[in-house]
Amino acid sequence: MESISLEIEEKIENKQAKIGIIGLGYVGLPLAASFLKVGFPVVGVDKDSTKIKMLRDGKSYIGDVKSEDFYPYIKNGKFIVSADYNTLRESDAINICVPTPFTKNKEPDISYILDASKGIAKILTKGHIIILRSTTYPKTTEDVILPILERTGKKVGKDFYLSMAPERIDPGNKRFTTETTPVVVGGITKKCTKLAALLYKQIIKDVHTVSSPAVAEMTKLLENIFRSVNIALVNELAQLAERMGGIDIWEVIRAASTKPFGFMPFYPGPGIGGHCILIDPYYLSWKAREYDFHTSFIELAAEVNENMPYYVVNKLFEILHKEGIVAIKSNILILGVSFKRNVADIRNSPAIKVMEILKDKVKGIYYNDPYVDEINVKGDIYKSVELKEGLKNADCTVITTDHSSYNYEFVVKNSKIIFDTRNATFQINASNIYRLGAS
Ligand SMILES: NC(=O)c1ccc[n+]([C@@H]2O[C@H](COP(=O)([O-])OP(=O)(O)OC[C@H]3O[C@@H](n4cnc5c(N)ncnc54)[C@H](O)[C@@H]3O)[C@@H](O)[C@H]2O)c1
């Protein structure tokens, strides 16, 4: 047993270990690129055949990963991509990077983790290092993945090594990449932790080990709940500032940010979206109920944040009324539909939620987004309209996602009225601008 793990350690240190990655999306593809960059051979498995074809053709579908980050390796055989789990048989370490969404009723959907685990069980080989990177509730690794793998008759810490190392990637963030963002690793046994940590040390500067997979799972949830709760706090204060009048929440946040300790700025907006901040807290609140525990902060934050798209629509109607525009006869342009700035990801986007709420309440809604060509709003397909034409045709432009590529002077100049939910126009002084969080 010891000789197997010594052999793996040597392979990792020599960058000869074959890296398996299940799920080549926002997390898996950049991870593959990081391992390829330092010399590891990588096998990527994704059940989406369109993605496999695109990768084989050298086309990237992830903004932060360029063709040159992976295509040379596809051509020279160092990066093998496939929909077939059998290709993972020869790998030494397998990273699970599959989605963890929630159901319609906001309960965890770990079916992708189950599928991946069952797929691994079929090809599990002596010495395999398995690492879960997907965000999930505490004890998933131990209570869900481990039994599936041990049902093969192989024993953790002896025949294979299982750990949890939650992904922290922030798509679109140029400052912190996979390499420069520390990773937290917790294994089922000490050996599991040691091997996973050694593997990540090859591509990530700082590796922080913890005592168990559950600690690693909870760490990731704490990070995202921290964001959700703080965003909810400023969303609530933004509403209060509006009601009190004469207080601009953005000015307040700027002022509070001058405190060099004990404060960290968070910003209001039309709601939260994406694959993480909105969903992850529900994983913990769901699990907590099993222990007769109600996570009040999570529920309260969800209540405030998920009400924001409705709040934005109500405020829009107030603005239209004030400007003498009849809502049902108005045309509204939504500017930016991805869930956050400078990315193409529209999953759970609050901007789309705003469009869904508005859809039957105004004459027309249109959108422009340089990153998103087409969206589905409650069954209808909308295509991004040309910016200048869209601005001119709209009675009101609602800035929902503050992409850096917009020229906001141009936006303001060409709009009749602006409702800015992101404070993207804060340097522009014009009488046709209304802001969320300011009266
Ligand atoms: N996107 C982010 O910014 C981010 C950041 C940190 C953590 N995470 C977490 O990482 C995980 C993955 O998220 P993502 O954004 O990369 O998702 P994604 O949807 O972009 O990618 C997941 C990929 O897995 C594939 N897949 C699904 N089931 C599979 C299976 N059984 N076998 C093989 N492939 C399968 C899908 O086709 C898809 O390509 C989630 O748990 C998420 O919460 C995401």
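Modeller: Helices α8 and α9 are oblique to each other, a class for angles that are not under 35 degrees (roughly parallel), over 145 (roughly antiparallel) or 65 to 115 (roughly perpendicular). This is a predicted model, in which local features need pLDDT of at least 70, side-chain atom pairs count only at pLDDT 80 or more, and totals for chains, interfaces and linings use all residues. Residues are numbered from 1 along each chain as its sequence is written.

Colleague: At what angle do the axes of α8 and α9 cross?

Modeller: Axes are lines fitted to C-alpha atoms, for helices over the stretch in contact, and angles run from 0 to 180 degrees between N-to-C directions. The axes of α8 and α9 come within 9 Å. Their crossing angle is roughly 125°.

Colleague: How many nonpolar residues does the contact of α8 with α9 have?

Modeller: Val-234, Leu-237, Ala-238 and Ala-241 of α8 meet Ile-249, Val-252 and Ile-253 of α9, where contact requires C-beta atoms, placed from the backbone, within 7 Å. Ala, Val, Leu, Ile, Met, Phe, Trp, Tyr, Cys and Pro count as nonpolar, Asp, Glu, Lys and Arg as charged, and the others, Gly among them, as polar. The contact has no polar and no charged residues, and its nonpolar residues number 7.

Colleague: Is Gly-245 buried or exposed?

Modeller: Gly-245 lies in the loop between α8 and α9. A residue is buried with 20 or more other C-beta atoms, placed from the backbone, within 10 Å of its own, exposed with 12 or fewer, and partly exposed in between. Because Gly-245 has 8 other C-beta atoms within 10 Å, Gly-245 is exposed.

Colleague: How far apart are the axes of α6 and α8?

Modeller: Helix α6 (residues 140-150) packs against helix α8 (residues 213-244) at an angle of about 120°. Thr-140, Thr-141 and Glu-142 in α6 meet Pro-213, Ala-214 and Glu-217 in α8. By class, this contact has 2 nonpolar, 2 polar and 2 charged residues. The axes of α6 and α8 are apart by 8 Å.

Colleague: Which helix gives the most to the shell around the ligand?

Modeller: The ligand is surrounded by 27 residues, the closest being Gly-23, Gly-25, Tyr-26, Val-27 and Ser-134; a residue counts if its C-beta atom, placed from the backbone, lies within 6 Å. The shell divides into 13 nonpolar, 7 polar and 7 charged residues. With 3 residues, the helix that gives the most is α5.

Methods: Helices (H or I, at least four residues) and strands (E, at least two) are DSSP runs, numbered from the N terminus. Two residues are in contact if their C-beta atoms, placed from the backbone, lie within 7 Å.
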